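I opened a new page for this model. My plan is to go from the overall layout down to single residues, and to write down what I look up.

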Amino acid sequence: MKIVDVHLSDELFKKFVNLFYELAGISLKDYKKYLVEYRLCKIVGPDKEFKDYESLYEALINDKGGKLRTQFINLLTTNYTYFFREDYHFKFVQEYVKNNYQNEPYMRLWSAGCSTGEEAYSMAIVCYEALDRAVNTYDIKILATDISLNVITFALEGVYHYSKIRGNIEDPLLKRYFYFDKDKKTFTVKEEIKNLVQVRFLNLMDDYPFK
Ligand SMILES: C[S@@+](CC[C@H](N)C(=O)[O-])C[C@H]1O[C@@H](n2cnc3c(N)ncnc32)[C@H](O)[C@@H]1O
């Protein structure tokens, strides 16, 4: 996408940075100015919703309903993720679950910025691998939360294009826990895996609505 010919001053960039920090707790360094321009230019420009960055900022400050602020957060959050990122974390979780489930009455796992769901579903897969059939008789739940509504919708669906998965999941796990659609070239997470995961909106800056 081409960055439109609308200037973002350093002063206004700092105001966007402060607002984003206030809303999402994410601090953007000065070198991210280009990234902020690139992402916000989807709604700023001569033929866009806002003719310049000043009017976008004003609208954000006066956004009582929160719809524009949600869009602002969706645009500025970075949702990079993939299955089993990083794999040693998941080896650890698998070992932990395997060695401890008999000693603990229940287990709760949390993917606290879950993006499109890969991390939470990877956790569910390692739980299945660790517990085998016992997963159905044991009280284990995985919570997946994110501030971006775009990624939450994606995570709930649990459908991934093969190009996003290729190389990240071993073939036996793919066969066991996903349905493959040959025409669409997508992998869909099986129900048994989805059933372990609850996907919810949560801003980590707010109070947690659970223990
Ligand atoms: C880079 S992704 C990481 C995804 C996954 N945890 C992983 O490691 O592969 C970071 C995620 O955190 C989310 N995030 C950032 N700030 C957040 C906040 N204040 N509350 C909830 N989620 C937040 C972003 O929307 C994004 O989807």
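**Ground rules and layout**

I take helices (H or I, at least four residues) and strands (E, at least two) as DSSP runs, numbered from the N terminus. On that basis I count 10 helices and 6 strands in the protein chain. I number residues from 1 along each chain as its sequence is written. The model is predicted, so local features need pLDDT of at least 70, side-chain atom pairs count only at pLDDT 80 or more, and totals for chains, interfaces and linings use all residues.

I looked up the extent next. The C-alpha trace of the protein chain spans about 60 × 45 × 30 Å along its principal axes.

**Confidence**

I checked pLDDT, the predictor's confidence in each residue, from 0 to 100. The protein chain has a mean pLDDT of 93, and 98% of its residues reach 70 or more. Confidence is lowest in helix α8 (residues 162-165), with a mean of 91. It is highest in β5, at 98.

**Domains**

I find the protein chain divided into domain 1 (10-76) and domain 2 (87-201). These bounds come from an automatic or database domain assignment. The centres of the two domains, taken over C-alpha atoms, are separated by 33 Å. The contact takes 4 residues from domain 1 and 4 residues from domain 2. Here, two residues are in contact if their C-beta atoms, placed from the backbone, lie within 7 Å.

Which helix gives the largest share of the side of domain 1 that touches domain 2? I noted helix α4 (residues 67-76), with 3 residues. By class, that side of domain 1 has 2 nonpolar, 2 polar and no charged residues. For the classes, Ala, Val, Leu, Ile, Met, Phe, Trp, Tyr, Cys and Pro count as nonpolar, Asp, Glu, Lys and Arg as charged, and the others, Gly among them, as polar.

**The core**

I set the burial cut-offs first. A residue is buried if 20 or more other C-beta atoms lie within 10 Å of its own, exposed if 12 or fewer, and partly exposed in between, with C-beta atoms placed from the backbone. Buried residues make up 25% of the 211 residues in the protein chain.

A nonpolar core is a set of buried Ala, Val, Leu, Ile, Met, Phe, Trp, Tyr and Cys residues joined through C-beta atoms within 7 Å. The largest one has 25 residues, and Ala120 and Ala124 have the most contacts inside it. At least two residues of this core come from each of α6, β2 (139-146), α7 (149-157), β5 (186-189) and β6 (197-201). The most come from α6, which gives 8 residues. In soluble globular proteins, nonpolar side chains tend to be buried together.

I followed Ala124, which lies in helix α6 (residues 118-131). Why does Ala124 count as buried? I found 27 C-beta neighbours inside 10 Å. Leaving aside neighbours within four places in sequence, Ala124 is in contact with Ile142, Ile193, Leu196 and Val197.

**Around the ligand**

I listed 22 residues around the ligand. A residue is near a molecule or strand if its C-beta atom, placed from the backbone, lies within 6 Å of it. Thr77, Thr81, Gly113, Ser115 and Ile147 come nearest. By class, this shell has 9 nonpolar, 10 polar and 3 charged residues. Domain 1 and domain 2 each supply at least three residues to the shell.

I stopped at Ser115, in the loop between β1 (106-111) and α6. Ser115 is buried, because 23 other C-beta atoms lie within 10 Å. Apart from neighbours within four places in sequence, Ser115 is in contact with Asn79, Thr81, Asp146 and Val151. Ser115 and Leu149 are 34 residues apart in sequence, and their C-alpha atoms are 9.4 Å apart in space.

Phi of Ser115 is near 50°, a positive value in a residue other than glycine. Lys185 also goes on this list, with phi near 55°. Lys185 sits in the loop between β4 (178-181) and β5. Is Lys185 buried or exposed? Lys185 counts as exposed, because it has 10 C-beta neighbours inside 10 Å.

My last entry is a cis peptide bond that joins Arg85 and Glu86, with omega about -15°. Glu86 is in the loop between α4 and α5 (87-100).
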